[in-house]
There are 2 protein chains.
Amino acid sequence: MSNRLPDPKTNLSDWYQEIIHQAELADNAPVRGCIVIRPYGCDIWETIRNILDKKIKDTGHKNAMFPLLIPESFLKKEADHIEGFAPELAVVTHAGGKLLAEPLVVRPTSETIVHHMFAQWIKSYRDLPLLINQWANVVRWEMRPRAFLRTSEFFWQEGHTAHATEKEALDEVLLMLSIYKDLAENFLAIPVITGKKSEGEKFPGAITTYTFEGFMPDGKALQMGTSHLLSQSFAKAFDMKFQTKEGDVAYPWLTSWGTTTRLIGALVMTHGDKQGLVLPPRVAPIQVVIIPIYKTEAEREAVLLVAEKIKFSLAGKVRIYIDEDEQKTPGKKFYDWELRGVPVRLEIGPKDLAHEHAMVVDRLGIEKAPHPLKTIDTYLIQKLEALQKEMFDRATKRMKDMWVIQQNLDAIITASEWNFVQTGFCGSRECEAQLKPHKLSVRCLLNEKQVPNCCICSNPSASDCIVARSY
Amino acid sequence: MSNRLPDPKTNLSDWYQEIIHQAELADNAPVRGCIVIRPYGCDIWETIRNILDKKIKDTGHKNAMFPLLIPESFLKKEADHIEGFAPELAVVTHAGGKLLAEPLVVRPTSETIVHHMFAQWIKSYRDLPLLINQWANVVRWEMRPRAFLRTSEFFWQEGHTAHATEKEALDEVLLMLSIYKDLAENFLAIPVITGKKSEGEKFPGAITTYTFEGFMPDGKALQMGTSHLLSQSFAKAFDMKFQTKEGDVAYPWLTSWGTTTRLIGALVMTHGDKQGLVLPPRVAPIQVVIIPIYKTEAEREAVLLVAEKIKFSLAGKVRIYIDEDEQKTPGKKFYDWELRGVPVRLEIGPKDLAHEHAMVVDRLGIEKAPHPLKTIDTYLIQKLEALQKEMFDRATKRMKDMWVIQQNLDAIITASEWNFVQTGFCGSRECEAQLKPHKLSVRCLLNEKQVPNCCICSNPSASDCIVARSY
């Protein structure tokens, strides 16, 4: 039997851990910081992956597969890069029964190996832009693991591109950021704030990192993914050069961008409630669950016939599952599918058939009413779209309610207990460092200036920024 | 510029290496035995993967994701298993800047970690059957690497299932074998021989291993995948027990089954010719390439309009690519797409438009003739199906021509230089071992007995078997 969940409004952390387990999204693995993603979690990831993969391909990128193991010396070629990743590396020292001459690093990210190959593939401006993506597992040793949010191994896509000019590379960085924002807002129903990372938070080896940040119900920020304009030091380190149209030799401009299984954690926290998960229809592996209700075999047959008819008529349009499990009562099924966040439940019993309707119950608690079978197909499609919109609207309203403006550190510390804060920032690493003891950080820089002075040093602000606690 | 290929009929090995590189399927990686799968190779893998993934899901299996790193002690829990895999393991000894208390093995296969989790998930007969699959990368350190065929890291799916009875488990093993055979024959157009592995060749820890073996143009066998009925020692090692319907406690019966990126190597060798790859339509990322031919801008527009119309009318049915590259001549495009094995080329120029037809050229060299634009849609669909069938028929004919029956070792050694051999086999490990010095092995046992005596010891044969050199 399942246990009752803690209330996410008062205890998000315990609720999160429980719901991951009870909804069978993932279990802890017997290796530190690693999880096993169970079928329901994997279904959600595959749904998100298919959506994003199509967007990535539609914008001209192609998938490739680079090796898991990278010579240690490769990571050392770019100084900032190795400094950033060294503390998190897992290292293979033995293979095939022997000590390796050079240790191999389990990739924490693939810039180095990708750039090594790019250097062989790029000779002329005709080879540019080179637009590559890979879906892969990466390992970053994690001291404070949390399912989906921080795990020693995680799954992601990492895009790597090369361009003839800095402008083209920056356009690519911003294009991918916009695709991520679209994914978050229009599919995951999670409003995000996008912007540049500060000097202290940017990717090791990037000129500029853009981020899209979600804000969880406890006011904490969650970095959902990033898009980087890389320093040409990568191209130089790997001797990646090309002949320009004019016949000169130049270094390409490089980008990388990625998002991870962490998106599942964002989904869970943003929308969940005391009854369990609530999944936005567009990424729900099951959008409508049909619960047949019957006593006799004849009733069972009649009810299932109608259920199958609805499923068939919506094939390819709506992901429908008919729960025919004979070992569970309808009540237990209601409970289980609520826990798993299925957006719409259809109950069909003999009385419903007599009235030629089905009972429609949505996971947001908006509707529990019969609807005529005659028009149930089109109604379900509209209903799912309406729920998708409603979930985004609710999440947006909450985000706006949590978004406050403050002028100085003391006020920020107090406000950030339940909110996230827009404030002024001079941009210096010194001021940024003073947030750390308070478990706060600059989540991203904004393109506006409502607060005239830096919240730390009181010198003129370079731009507003968002300060928050974070996952 | 591309270079000419060796003739695969006289030099399959050099041809193979060259075509992998020239068709941009893969490049060698800077780590021993690893490759980079380039976009065209990745496209082929994704096409195969999507077909197989659907078949796996349609038969009730669900995908999950287990960790890459496995505690070394897990592998040691099943004696045969560790003995089989120990020489090939890559081992992580350091992580997060520290020496690990227990080394972690990069998974060579996932039985041990999967069974550890199964033991937590399976409590009662109601939890059975448990039908899980994962798409993953695995590492087995390779001393004689060869792109796709043998690489230190490779990509595969591995199915893991648990059943209440041995019979159900064996049914599962045979079901998956039949799905693999269907994939090989009806999609990859590669005829295969299926059967049990001998004692010397079966999976470490299996009671029975079934295999599907393809036979390459040089007579060598290629094991394309396997399906295992596992010994209950796995269940015992991981203390995996369940309560039966009758209230007893029992160990589940386990299976595992997998196939890999090696399928790409099989495709390449089975169908390729002196002009390059030849891809069966059902797994070709591009099934029809349209080459527009024009001189003036007006001609270009007219030709592309028709090309787009054909592409649009076949959207979702045929994978069409219009090669609009302005930097290549039509002749260069013909050469490049032949090299890449696209099944059908359509040439459309102003003269074709005047005659209201397009030139249809297939990669098998059967047809080079104009076809009316009016009926080109349905014609292309039929044409692709016909090519698929023709490729399977040709490959089947060649396999049959290479299949010879011999009675004794001397004759087998001679015949196996260009053929594969059906012969008698007593089934003993001793006899099997005598094949090894001749670089021969028992590929699989057959369900028939045409040769009365064992080819080695001359004692009565237990069944016929296939003996061959192998990849």
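This is a predicted model: local features need pLDDT of at least 70, side-chain atom pairs count only at pLDDT 80 or more; totals for chains, interfaces and linings use all residues.
Chain A is divided into three parts, with domain 1 spanning residues 12–271, domain 2 spanning 286–385 and domain 3 spanning 402–468. Between the C-alpha centres of domain 1 of chain A and domain 3 of chain A there is a separation of 27 Å, and the contact between these two domains draws on 14 residues from domain 1 of chain A and 18 residues from domain 3 of chain A. On the domain 1 side of this contact, the elements that give two or more residues are strand E9 (193–196) and strand E10 (206–215) of chain A. By class, the residues on that side of domain 1 of chain A comprise three nonpolar, five polar and six charged.

The contact between the two chains takes 42 residues from chain B and 42 residues from chain A. On the side of chain B that touches chain A, the largest share is that of strand E5 (residues 90–95) of chain B, which supplies six residues; this side of chain B has 27 nonpolar residues, together with eight polar and seven charged ones. Since 100% of the interface residues of chain B are also interface residues in chain A, the copies meet through the same surface.

Superposition of chain B on chain A gives an RMSD of 0.0 Å, and is reached by a turn of 180° with a shift of 0.0 Å along the axis. The two copies are therefore related as by a two-fold rotation axis. Among the residues of chain B, the one that comes closest to this rotation axis is B:Val92, whose C-alpha lies at 2.1 Å.

Strand E5 also takes part in pairing across the two chains, where strand E5 (residues 90–95) of chain A and E5(B) are joined in the antiparallel sense over five bridges; A:Ala90, for instance, has B:Ala95 in E5(B) as its bridge partner. Within chain B, E5(B) is joined by four bridges to strand E6 (residues 98–106) of chain B, and these two strands run antiparallel, with B:Val91 having B:Val105 in E6(B) as its bridge partner. These pairings belong to an open sheet of six strands with antiparallel pairing, in the order E4(A)-E6(A)-E5(A)-E5(B)-E6(B)-E4(B). Strand E4 (69–71) of chain A and strand E4 (69–71) of chain B stand at the edges of the sheet, and because each has a single partner strand, one side of each is left without a neighbour in the sheet. From one strand to the next, the twist of this sheet averages 45°.

Key. Residues are numbered from 1 along each chain as its sequence is written. Chains are lettered from A and ligands numbered from 1 in the order in which they are written. Domain bounds come from an automatic or database domain assignment. Two residues are in contact if their C-beta atoms, placed from the backbone, lie within 7 Å. Ala, Val, Leu, Ile, Met, Phe, Trp, Tyr, Cys and Pro count as nonpolar, Asp, Glu, Lys and Arg as charged, and the others, Gly among them, as polar. Two strands pair if DSSP finds at least two bridges between them. Copies are superposed by least squares on the C-alpha atoms of residues with pLDDT of at least 70 in both. Axes are lines fitted to C-alpha atoms, for helices over the stretch in contact, and angles run from 0 to 180 degrees between N-to-C directions.
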